[in-house]
Amino acid sequence: MTGAEAAGVRPLGENETQTPVLVIGAGIVGLSCALTLRLRGHEVLLLDRQGVAAEASRGNAGAYAFSDVLPMASPGILAQVPKWLLDPLGPLALRPNYLLPMLPWLWRFWQASRPAAFAASIQAQVALMQLAAPATHRLLEAACAQHMLKSGGNLHLYESEAEWKASLPGWQLRAEHGIEFEHAHGAAAIAPWQAGLSPCLVAATFVPGWQTITDPLLLCQTVAAAFESAGGRLRQAQVQALQPASGHVDAVLADGRRVQAQRVVLAAGAWSHQLAQTLGERIPLETERGYNTTLPPGAFDLQRQLTFPGHGFVLTPIAGGVRVGGAVELAGLQAPPNYKRADALLAKAKRFLPGLQTTGGTQWMGFRPSLPDSLPAIGASPTDGRITHAFGHGHLGLTQSAATAEIVAALVEGIRPPLDLQPFH
């Protein structure tokens, strides 16, 4: 049995090498694009090199973070980087041998952190999030997955008054864009939102509009099943290059075959820039490697997702258990995982939730596809308008997947997209 068959995805057949629409990538963004296009009547072939949700979409934190409109690149953030880098298991790590390859991305990150660029990125994120919330409900309804959505909100937790006060300018920016939240001080004020927290946590901010999914992998499998039930074709094949031709675009496969498509949607996550490079495009996409541990049912009575901004990690109720994960490691696609980072997150979680049972967990590492300004690449390829980019969502792939799908469908159909795409070019 091949790896694809084991994952429930058939290899691409010899007579399946032509399609009106080809979607590359079966993560949550590609799956959402494929289902949306199919439900609008398009004949769609969805290809992935491994299978459904084989990469970042499999083990993400399961959050629909519609209030998360502040880009990572922000004024003053670079001043904090040296402190973070001094802690090899802290919220940000850069492997020394990867510093040189990261320099172009870091330069663009610095440019995106300037006040004018930061403000423009917020405006673009707000517009995308305003589409994302209703689009998510439309997608979940189409996939018969509404029951998987949980609306418990999110609780941001702070272990010092100084840390909480430092967060206030960000909350003020959110308030200016209509995002609702509520601050609380002291253990007694925080306890109604989540019991069992350490008394070292002195303040919190509750965001009611934040939602979670019961299991990100199961969601992807459900969307994939809906796509196939609607007549879409989901197959395993590795695309190595894109070559525009007269009347179609060739997707060159690893085995030498070519898939001819009238339209192509590139949604291959952390590998998308490699395929774009075969078109002559140099896209500054890097990967933020994220780590987590999923604890079994009974590990803790977690009422909603908890965020610890000072440490860069979250706890999410997942499939009856608890997923502890986050942080950022910059090390590219080739370096082996450093699961000491997952261990460190689990130890921190235990400190903040003393009753957390930390045994019996499953560790995981995934690649977040990130662009320097935190805005995904959505829109027509500058090389060929028949190719549509849909990648680079960073921490927000799940959150923005349905919105991206509706934008992509509009572009494929040649109609005006539901928002201005210039910031995402």
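Reader: How many bridges join β20 to β21, and which way do the two run?
Author: There are 4 bridges joining β20 to β21, and the two strands run antiparallel. Keep in mind that this is a predicted model.

Reader: Which residue stands opposite Ala390 of β21?
Author: That is Ile378.

Reader: And how many residues sit between β20 and β21 in the hairpin?
Author: The hairpin formed by β20 and β21 has 6 residues between the strands.

Reader: What else does β21 pair with?
Author: Strand β14, residues 258–266, pairs with β21 in the parallel sense, over 3 bridges. Leu266 stands opposite His389 of β21.

Reader: How many residues of β21 are buried?
Author: 5 of its 5 residues are buried, so strand β21 (387–391) is mostly covered. Both faces are covered: Ile387, His389 and Phe391 are on one side, with Thr388 and Ala390 on the other.

Reader: Nice. New topic: what is the volume of the second largest pocket?
Author: It is about 590 Å³. Of the 27 residues that line this pocket, Asp373, Ala377, Pro423, Phe424 and His425 are the closest to its centre.

Reader: Which helices and strands each supply at least two residues of that lining?
Author: They are α4 (99–112), α5 (115–142) and β20 (377–380).

Reader: How many of the lining residues are nonpolar, polar or charged?
Author: The lining divides into 17 nonpolar, 6 polar and 4 charged residues.

Reader: What about Thr212, is it buried or exposed?
Author: Thr212, which is found in strand β10, is buried because its relative accessible area is 6%, and buried means under 20%. Leaving aside neighbours within four places in sequence, its contacts include Gly62, Ala63 and Tyr64, and also Met148, Leu149 and Lys150. Gln305 and Thr316 are in contact with Thr212 too.

Reader: Where is Ala53?
Author: Ala53 lies in the loop between β3 (44–48) and β4. With a relative accessibility of 1%, Ala53 counts as buried. Its contacts, leaving aside neighbours within four places in sequence, are Ala26, Arg58, Leu217 and Cys220.

Reader: What is phi for Ala53?
Author: Ala53 has a positive phi of about 50 degrees, although it is not a glycine. Cys144 is another residue other than glycine with a positive phi, near 55 degrees.

Reader: So where is Cys144, and is it buried or exposed?
Author: Cys144 is in the loop between α5 and β6. At 56% relative accessible area, Cys144 is exposed, since exposed means over 50%.

Reader: Last topic, α10. How far apart are its end C-alpha atoms?
Author: They are 19 Å apart. The 13 residues of α10 should span 18 Å at 1.5 Å a residue, so the two values agree.

Reader: Which residues of α10 are buried?
Author: They are Arg341, Ala342, Ala344, Leu345, Leu346, Lys348, Ala349 and Phe352.

Reader: What do those buried residues pack against?
Author: They pack against β5 (92–94), β15 (286–295), β16 (305–308), β17 (313–318), β18 (321–330) and β19 (362–370).

Notes: Residues numbered from 1 in each chain as written. Predicted model: local features only at pLDDT ≥ 70, side-chain atom pairs only at ≥ 80, totals over all residues. Heavy atoms only, no water. 1 Å grid on protein atoms, 1.4 Å probe; cavity = no way out; pocket = protein on both sides within 12 Å on 5 of 7 lines; lining within 4 Å. Points joined across faces, edges and corners; volume = space filled by probe spheres on them. Nonpolar A, V, L, I, M, F, W, Y, C, P; charged D, E, K, R; others polar. Buried < 20%, exposed > 50% of the residue type's maximum accessible area, 1.4 Å probe, protein only. Contact = heavy atoms within 4.5 Å. Expected span 1.5 Å × (residues − 1). Pairing = 2+ DSSP bridges.
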